[in-house]
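Dear colleague,

Please find the structure below, together with a short account of what was found in it. I would be grateful if you would read the account with the coordinates open.

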Amino acid sequence: MLNSDLPATEIKSIKRHDFHNLNKLALQYDYIEDGCVIIENIVEPDFIAEMHDRLIVLFTEIICAERLDFNNTDNLDILHQRILQISSERAESLLGIGRDFPAFFKLISSPNIMTLIQALFETKEIQMVFDTCAMRIDRPYFDRTNLDWHQDYPYNMQAVNTATAWIPLLPVTETMGSLKVILGSNKHILPIVYRTETKKQHFNAKYIEIAHINQLRDQFEADGVVVPTIQPGSLILLHALTIHRSGQNHSDRSRWVALSRYSPFMDSAVYKRNWFTSRSKYPDIFRNYHPDLFSESSE
Ligand SMILES: O=C(O)CCC(=O)C(=O)O
């Protein structure tokens, strides 16, 4: 079959870079052109293990505090599931607190990741707005944490070329709700609808929607590529304007992924506004800088 006979989704694939043989110019080119790259052999195992162990110990302590049984061999999924049986509210609150561990800070600022980011942006002055980072736990068949098609930029309001690092603690296969991304979609800021009432629900991240998403969805689905299986040690770099969405987790395991954002401190737009960024303090500042692309809904 000729390439031109293939549907667009089969022709495009996400480029891979090996951290140990990094070609900086090729990385910069693919990042800007495609808006999504896979970096292999980058995350040192100790940093992942430490984050993983902290979660295991915390979950075990919660189970002990509730005077329930567990086995020393229980994995993260089993422990989290156990907490869910005690209290769904408690299990849900854990979706938001993993990033509060010092081990999370260490992982997202570990030496190889910082070397990569500094090479990508050609500077050592990197802004990481901690409030924009997350330790995601995406449970099987649980839609609440899934994000519809979006760009990260309006959520975070760091530089427009901010890189999200998507760092799995455990393997993420395609049935576990891999991301779907539109390669090369990182060229424009899309208009958004900001949902004021939804934002008031503490854990609900669905408060920003691409305007007219229902008219665009079919095209996005046709243009998107599903990120292939990613093993711990690799990460995905995603440009802040790349249109992407969460996948549905149809497996029997949760998806454990650390996310962090990196941008050059001296980005001219962010510098001009004295590093005024978004998330919990100023979640809707997109309206100040892109009033023509902002609308509000009372939902
Ligand atoms: O991991 C996911 O499903 C989506 C994560 C994401 O888009 C984000 O937090 O920016």
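Two residues are taken to be in contact, or to touch, if their C-beta atoms, placed from the backbone, lie within 7 Å. The model is a predicted one, in which local features need pLDDT of at least 70 and side-chain atom pairs count only at pLDDT 80 or more, while totals for chains, interfaces and linings use all residues. Residues are numbered from 1 along each chain as its sequence is written. Helices (H or I, at least four residues) and strands (E, at least two) are DSSP runs, numbered from the N terminus.

Arginine 261

Arginine 261 is part of strand β12. It touches Met128, Val129, Thr132, Cys133, Asn156, Gln158, Thr162 and Thr164, leaving aside residues up to four places away in sequence. Arginine 261 counts as buried because it has 26 C-beta neighbours inside 10 Å. The term buried requires 20 or more other C-beta atoms within 10 Å of the residue's own; exposed means 12 or fewer, and partly exposed lies in between, with C-beta atoms placed from the backbone.

Helix α7

Which residues of α7 are buried? They are Ile113, Leu116, Ile117, Leu120 and Phe121. These residues lie on the same side of α7, because they cover an arc of only 115 degrees around the axis (the arc is that of the directions from the helix axis to the C-beta atoms). Their cover includes α2 (24-34), β2 (36-40), α6 (102-108), β3 (126-127), β5 (163-168) and β12.

Isoleucine 117, in this helix (residues 111-121), has 22 other C-beta atoms within 10 Å and is therefore buried. Its contacts, not counting residues up to four places away in sequence, are Ile126, Ala163 and Tyr262. The C-alpha atom of isoleucine 117 is also separated by 9.4 Å from that of alanine 165, 48 residues apart along the chain.

Positive phi angles

Most residues other than glycine have a negative phi. Methionine 157, in the loop between α8 (153-156) and β5, has a positive phi near 55 degrees; it is buried, with 27 other C-beta atoms within 10 Å. Tryptophan 275, with a positive phi of about 60 degrees, is in the loop between α11 (268-272) and α12 (286-289). Tryptophan 275 counts as partly exposed, with 13 C-beta neighbours inside 10 Å.

The ligand

Around the ligand are Ala134, Arg136, Leu147, Asp152, Thr164, Leu179, His244, Ser246, Val257 and Leu259, where a residue is near a molecule if its C-beta atom, placed from the backbone, lies within 6 Å of it. Two or more residues of this shell come from each of β4 (134-138) and β12 (255-264). By class, the shell holds five nonpolar, three polar and two charged residues. Ala, Val, Leu, Ile, Met, Phe, Trp, Tyr, Cys and Pro count as nonpolar, Asp, Glu, Lys and Arg as charged, and the others, Gly among them, as polar.

Helices α4 and α5

The axes of α4 (residues 76-86) and α5 (residues 88-97) come within 5 Å and cross at roughly 135 degrees. Axes are lines fitted to C-alpha atoms, for helices over the stretch in contact, and angles run from 0 to 180 degrees between N-to-C directions. The two helices, α4 and α5, are therefore oblique to each other; angles under 35 degrees count as roughly parallel, over 145 as roughly antiparallel, 65 to 115 as roughly perpendicular and the rest as oblique. His80, Ile83, Leu84 and Ile86 of α4 meet Ser88, Arg90, Ala91 and Leu94 of α5.

Yours sincerely
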